[in-house]
Amino acid sequence: MRVIRVGTRKSQLARIQTDSVVATLKALYPGLQFDIIAMSTTGDKILDTALSKIGEKSLFTKELEYALEKNEVDLVVHSLKDLPTVLPPGFTIGAICKRENPCDAVVFHPRFVGKTLETLPEKSVVGTSSLRRAAQLQRKFPHLEFKSIRGNLNTRLRKLDEQQEFSAIILAAAGLKRMGWQNRVGQILHPEECMYAVGQGALGVEVRAKDQDILDLVGILHDPETLLCCIAERAFLRHLEGGCSVPVAVHTAMKDGQLYLTGGVWSLDGSDSMQETMQASIGVPAQHEDGPEDDPQLVGITAQNIPRVAQLAAENLGISLANLLLNKGAKNILDVARQLNDAH
């Protein structure tokens with residue numbers, strides 16, 4: 001029986017996400033054996049520093065990519081939001097699975113259950129490892145204080161419950177759901193309160209770009225709507241040159257063949273911000289075979305079974321929205337945010 005080796009981070013959430021992808025693949029390919037190989041990444045090891053300060057784009061992916069390169073694994077399952085918009089040469093995202101709820105969620109300390117961010121007492125401390133969340137929420141809830149909290153989901157929940165430092169923490173709703181912890185969600189932050197990170201809630205399967213065999217194997221996992229939304233989001237972020245060290249957020253929706261993309265940039269304290277919405281006609285296509293392409297990758301993604309024209313329309317939407325914001329002065333907001341973050 002042919003063995004396919006699947007790489008993953010060691011955290012419980014990463015394992016759950018990888019197990020779900022492998023279960024789908026096993027059902028599709030009963031004749032194959034899938035072995036899961038777990039490893040620690042830089043991001044898992046450096047736990048005392050805010051993510052935005054480490055200044056490394058591939059924090060949670062580097063070691064896994066090294067294993068792919070060395071042919072120790074055949075594919076790697078990631079949270080798509082951990083994957084940089086420019087992948088190292090030789091790698092591609094061969095599948096983007098159907099997205100969970102991409103929004104952020106608030107988990108409250110037991111003594112504040114039943115509250116919302118709005119009704120928390122003055123000067124309550126809210127934990128988040130994300131500049132994007134802190135910038136938007138500081139603007140919306142000036143009575144709160146936001147402080148960095150690191151570690152995997154289990155660690156963060158433990159810090160919240162056992163220490164008296166945090167009144168609440170902000171986490172991705174998708175991760176909480178996958179862990180089976182929906183009962184801890186005290187509030188879902190809708191995009192009008194807090195737009196989400198590029199790719200949030202979706203899983204990406206990274207493979208060797210030249211490994212057509214594995215590309216064919218995982219390509220069936222592509223969810224067309226999620227794929228097109230994430231191409232637009234990633235193109236927006238790439239064109240803005242945003243990353244972990246600046247607050248950039250998005251919201252996408254597909255309706256009646258139209259893809260709507262809202263994107264925003266914020267200063268670190270949220271006082272300065274800019275957001276715009278654009279739409280493009282895109283029609284979610286039925287999957288079909290296109291002819292081979294010279295360079296099939298768009299924003300690091302290969303999707304040979306989704307019409308190229310729809311993918312290009314999504315990419316152009318992201319680039320157009322980024323240009324609109326840049327022409328209105330977004331670069332200045334991002335440059336200042338970057339400098340301030342570097343200085344702290």
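**Strand 3 and its sheet**

Guide: Strand 3 is covered on both faces: Leu 75, Val 77 and Ser 79 are buried on one side, and Val 76 and His 78 are buried on the other. Buried here means under 20% relative accessible area; exposed means over 50%, and partly exposed lies in between, with a 1.4 Å probe and protein chains only. The model is predicted, so local features need pLDDT of at least 70 and side-chain atom pairs count only at pLDDT 80 or more, while totals for chains, interfaces and linings use all residues. Numbering runs from 1 along each chain as its sequence is written, and side-chain values use heavy atoms, without hydrogens or water.

With 5 of its 5 residues buried, strand 3 is largely enclosed by the rest of the structure. Strands are DSSP runs of E, at least two residues long; helices are runs of H or I, at least four long; both are numbered from the N terminus.

Now its partners. Two strands count as paired if DSSP finds at least two bridges between them. Strand 3 (residues 75–79) runs antiparallel to strand 10 (residues 203–208), and 5 bridges join them. Val 77 faces Val 205 of strand 10 across that pairing. With strand 1, strand 3 runs parallel, through 2 bridges. There, Gly 7 stands opposite Val 76.

In general, strands of a sheet pair through backbone hydrogen bonds, parallel or antiparallel.

Thr 8 stands opposite Ala 38 of strand 2. Helix 1 (residues 12–28) carries the chain between strand 1 and strand 2 in a right-handed β-α-β crossover. Right-handed means that, with the strands pointing away from the viewer, the path from the first strand over the helix to the second runs clockwise.

Contact means heavy atoms within 4.5 Å.

Next, the cores. A nonpolar core is a set of buried Ala, Val, Leu, Ile, Met, Phe, Trp, Tyr and Cys residues joined through side-chain atoms within 4.5 Å. The largest has 53 residues, and Ile 96, Phe 236, Val 248, Leu 259 and Val 265 have the most contacts inside it. Among the elements that give two or more residues are strand 4 (91–96), helix 9 (224–240) and strand 12 (258–266). Helix 9 gives the most, 10 residues. A second, separate core of 19 residues includes Leu 75, Val 207, Val 218 and Leu 221.

Finally, the whole chain. It holds 11 helices and 13 strands. Of its 344 residues, 54% are buried. Among contacts with a separation of 6 or more, 72% join residues 24 or more positions apart.
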